[in-house]
Amino acid sequence: MSQVGALLSLLLRHWSRASLPNRLKRSVGRRASAGLFRLAYVVLMSASGYGVGRTVASLATDEQRVRGAAWIVVGALGLAVVWSGMSRGPVLRGEPSPLETPLLDALPLRETARIAVGLVERLFVFTLAVSSFMGVVAAPRTVLLALLVAAAGVIGGEAGMRVTRVLVPPMTVARVRSYLLVGGQVVFLMALVQAPSLGRSPKSGVLVAGWPSALARALLEGEGLFVAAAGLALFVVAGVAAVAVAERIGYDRVDLVPTGRPRRTKREALVIDRIDEVLRRREPGGRWGTVLMAGYTAAVTTGVLAYAWTSKTPSFEPSSMVRLACGVAAFGSFVVVSARATRMAARDVAARPLLAPLPIEPRALLAGKVTRLRADAIFVCAPLLVLFATPWSVALHVEIAWRTIAVTIAAALAAKAAAAIAFLTVGAGSKKGPLGGFVVETVLVLVPLFGVASATEVWVVVVPLVALGFVAREAGRSALGCVRWIDDAGDFERETPIWRALLVLAAFQSTANIAERLVDMSELGPGIRLAIGTAASTGVLLVMTLTARSDAPLIVFSARSRAIALGLAGGALAGGVAILHRLLAARAGLALPIAPADGRVAAAALGVTLVPIAEELFFRGWLLSCIEAELDRKWLAPLLGAFAFAAVHPAPLFVPYLVLGLVTSVLFLRARAVLPCLAAHLVYAVLTLVRFG
């Protein structure tokens with residue numbers, strides 16, 4: 001117990017102190033705790049799992065609910081096995097788990113102590129299992145069954161990896177581990193996320209017949225609960241026994257250093273834009289990660305093709321199946337490019353003493369990585385072409401065409417952004433060295449990428465594509481501005497002012513996503529949930545704007561009465577455009593979002609108080625000022641500022657918010673004060689609320 005307490009203290013300290021550099025502050029030593037990111041991740045996983053469970057519980061028939069619950073069991077158990085076993089395997093380089101550090105290997109620790117604390121380390125697994133099971137059935141037996149499933153998966157993964165390291169050479173284990181990293185977790189994650197859709201398909205029930213369905217019935221009906229719990233408990237005991245045997249025999253804990261003789265490489269391949277491909281071949285599983293993810297996309301698209309040809313009366317809407325395939329391709333390309341970019345950046349840090357004497361510009365180093373990553377992203381999206389062989393209508397083939405083109409372009413832009421972000425956060429552009437894990441900049445890539453994949457109409461993809469291109473361009477400019485040469489050690493301008501402002505925008509989007517998913521778990525009405533989420537995200541935007549821009553020019557509020565009058569007139573003009581836009585949309589049969597009836601009072605209060613203040617301070621007082629300072633062509637500043645403002649609002653309302661953004665941007669650049677912009681925004685909000693509620 002004393003060892004468990006000591007290891008638990010080590011783990012908690014690691015979570016709270018293994019921090020991310022605060023790139024919004026230039027003062028040395030100011031760091032943001034990664035514990036906040038872990039907490040946000042736990043909230044996201046619990047909310048997402050609960051949402052999946054509730055959707056399964058609302059399926060039409062008992063058989064569908066059993067199939068959906070069985071897929072949740074498979075997904076949760078598989079993720080527990082993969083995530084636990086994956087973290088205990090040998091790695092080539094990188095930061096190990098705090099429970100796997102070499103220092104602990106020199107201490108007389110019992111393996112059972114590591115296993116006990118390892119259960120706490122896999123907090124994400126238990127959170128996901130409990131929340132998804134509780135979404136299906138809110139009962140005490142649900143918590144017990146979820147904890148047993150997660151514990152069985154975690155201990156099974158720990159035992160499996162330790163036994164494997166006894167029997168199999170470490171380089172082979174490292175290769176298998178890399179395959180699990182890319183393919184295994186994606187497969188099981190998609191099984192859990194798509195459990196409601198799989199539950200509706202009778203054919204998918206064949207894959208979960210047997211013990212998954214038995215566990216599902218124990219979850220839904222309590223049937224065979226004792227047998228299921230006893231079986232899981234025996235599995236846990238067997239896993240602990242396997243760990244004890246492996247520990248008794250002994251296994252290699254040392255991280256890998258490639259000792260094999262490298263293959264001969266042609267001289268033309270040893271250039272900056274190809275050297276990463278040569279080095280990747282030496283790493284375990286380096287050549288096959290992209291192939292596996294492309295194979296997963298191919299499997300999904302082939303399944304859609306087979307379903308389209310064999311189902312006379314399809315239970316799925318064809319358009320939704322196309323969106324699913326595009327979403328898988330977008331997610332797969334993001335996983336590949338982000339993982340590869342992080343590995344490339346970590347490799348640069350390791351090779352920095354060798355690279356420093358060479359006349360290599362960061363521009364050439366970054367361009368070579370972008371070329372490799374872009375090719376990988378396009379390769380993962382290529383299986384979408386299989387969808388053209390479906391026997392669907394011409395209109396659906398047109399939809400397949402524009403979705404495939406949009407997702408491929410978005411994946412290529414995401415590759416460029418991922419290379420620059422990795423360079424800044426864990427590569428040669430970072431003074432702190434490899435940190436690993438999730439960084440807030442990732443949100444700036446994920447949000448528009450999935451916006452492209454989930455777009456309902458062809459015109460909707462334009463906004464996230466342009467936003468993603470802007471993020472990729474600004475990330476590249478920021479990465480190239482942080483170092484002059486690879487061996488520079490001076491503290492130069494860490495990022496461009498625009499990039500620092502975009503980091504706050506990423507925090508705003510993250511908070512909005514977390515708040516939305518968190519309040520969805522409650523029984524409150526949709527309007528109240530929307531108001532709570534809006535208040536939380538807008539409050540974060542306001543606080544970070546006021547506190548994180550210490551090096552930016554002061555925001556001026558006061559203005560002449562003439563400027564305020566122009567603001568009132570501009571707000572009336574923008575409000576009139578919004579009213580006309582809604583009337584035209586209603587005549588064309590297009591449904592535009594409106595505040596639900598139960599939250600209109602709260603929405604109105606936020607719309608005339610907190611929202612205008614926070615948005616005008618950030619978009620005009622900070623972001624627009626940074627954009628204007630960076631541009632040679634000043635006339636582009638209001639256009640870019642208005643586009644950024646409209647892009648964070650719902651896509652169907654892009655036009656009226658773009659007009660409002662143009663009006664307020666021009667007002668700010670003329671008056672150099674925020675008060676006229678606030679007046680315009682307030683008039684716009686009042687007019688739209690009075691006319692449409």
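Q: What makes the lining of the second largest pocket nonpolar, polar or charged, class by class?
A: In this predicted model, the lining of the second largest pocket has 16 nonpolar, seven polar and two charged residues. Leu198, one of the residues nearest the centre of that pocket, counts as nonpolar because Leu belongs to that class, whereas Gly303, also among those nearest the centre, counts as polar because Gly is placed with the polar residues.

Q: How do you know which elements build the lining of the second largest pocket, and which of them gives the largest share?
A: The second largest pocket is lined by 25 residues, and about 810 Å³ of space lies in it. The elements that give two or more residues to this lining are α8 (170-193), α9 (195-200), α13 (289-310) and α14 (318-350). The largest share, eight residues, comes from α13.

Q: Why is the contact between arginine 217 and glutamate 63 called a salt bridge?
A: The closest N and O atoms of arginine 217 and glutamate 63 are 3.5 Å apart, and a salt bridge requires a side-chain nitrogen of Lys or Arg within 4 Å of a carboxyl oxygen of Asp or Glu, so the pair meets the rule. The two partners sit in distant parts of the chain, with arginine 217 in helix α10 (residues 211-221) and glutamate 63 in helix α3 (residues 62-87), 154 residues apart. By the same rule, the count for the structure comes to eleven salt bridges.

Q: What makes Glu63, Arg217 and Glu221 one network?
A: Glutamate 221 also forms a salt bridge with arginine 217, and here the closest N and O atoms are 4.0 Å apart. Both residues lie in helix α10, four residues apart, which is about one turn of the helix. Salt bridges that share partners join Glu63, Arg217 and Glu221 into one network.

Q: How do you know whether arginine 217, glutamate 63 and glutamate 221 are buried, exposed or partly exposed?
A: A residue is buried under 20% relative accessible area, exposed over 50%, and partly exposed in between. Arginine 217 has 26% and is therefore partly exposed, glutamate 63 has 42% and is partly exposed too, and glutamate 221, at 45%, also counts as partly exposed.

Q: Why are arginine 122 and glutamate 121 placed in their accessibility class?
A: The relative accessible area of arginine 122 is 11%, so this residue is buried, and glutamate 121 is buried as well because its relative accessibility is 9%. The side chains of these two residues meet in a salt bridge, at 3.6 Å from N to O.

Q: Why is the pair of phenylalanine 618 and phenylalanine 619 called edge-to-face?
A: The structure holds seven aromatic pairs. In the pair of phenylalanine 618 and phenylalanine 619, the ring centres are 4.9 Å apart and the planes stand at 85°, so the pair is edge-to-face, because ring centres must lie within 6.5 Å and planes over 60 degrees apart take that name. Both phenylalanine 618 and phenylalanine 619 are buried.

Q: What makes phenylalanine 645 and tyrosine 657 an aromatic pair, and of which kind?
A: Phenylalanine 645 and tyrosine 657 are 5.9 Å apart from centre to centre with 70° between the planes, and the pair is edge-to-face. Phenylalanine 645 lies in helix α25 (residues 636-647) and tyrosine 657 in helix α26 (residues 654-671), so the pair ties together parts that are twelve residues apart in sequence. Both phenylalanine 645 and tyrosine 657 are buried. Ring pairs link Phe618, Phe619, Trp622, Phe645, Tyr657 and Tyr684 into a cluster.

Q: What is noted about phi of arginine 672?
A: Most residues other than glycine have a negative phi. Phi of arginine 672 is near 55°, a positive value in a residue other than glycine. Arginine 672 is placed in the loop between α26 and α27 (675-692), and it is partly exposed, with a relative accessible area of 41%.

Terms used:
Residues are numbered from 1 along each chain as its sequence is written. This is a predicted model: local features need pLDDT of at least 70, side-chain atom pairs count only at pLDDT 80 or more; totals for chains, interfaces and linings use all residues. Side-chain values use heavy atoms; hydrogens and water are left out. Buried means under 20% relative accessible area, exposed over 50%, partly exposed in between (1.4 Å probe, protein chains only). On a 1 Å grid over the protein atoms alone, a cavity is a set of points where a 1.4 Å probe fits but cannot get out, and a pocket is an open set with protein on both sides within 12 Å along at least five of seven lines; lining residues have an atom within 4 Å of a point. Grid points are joined across faces, edges and corners, and a volume is the space filled by probe spheres set on the points. Rings of Phe, Tyr and Trp (its six-membered ring) pair if their centres lie within 6.5 Å; planes under 30 degrees apart count as stacked, over 60 as edge-to-face and the rest as tilted.
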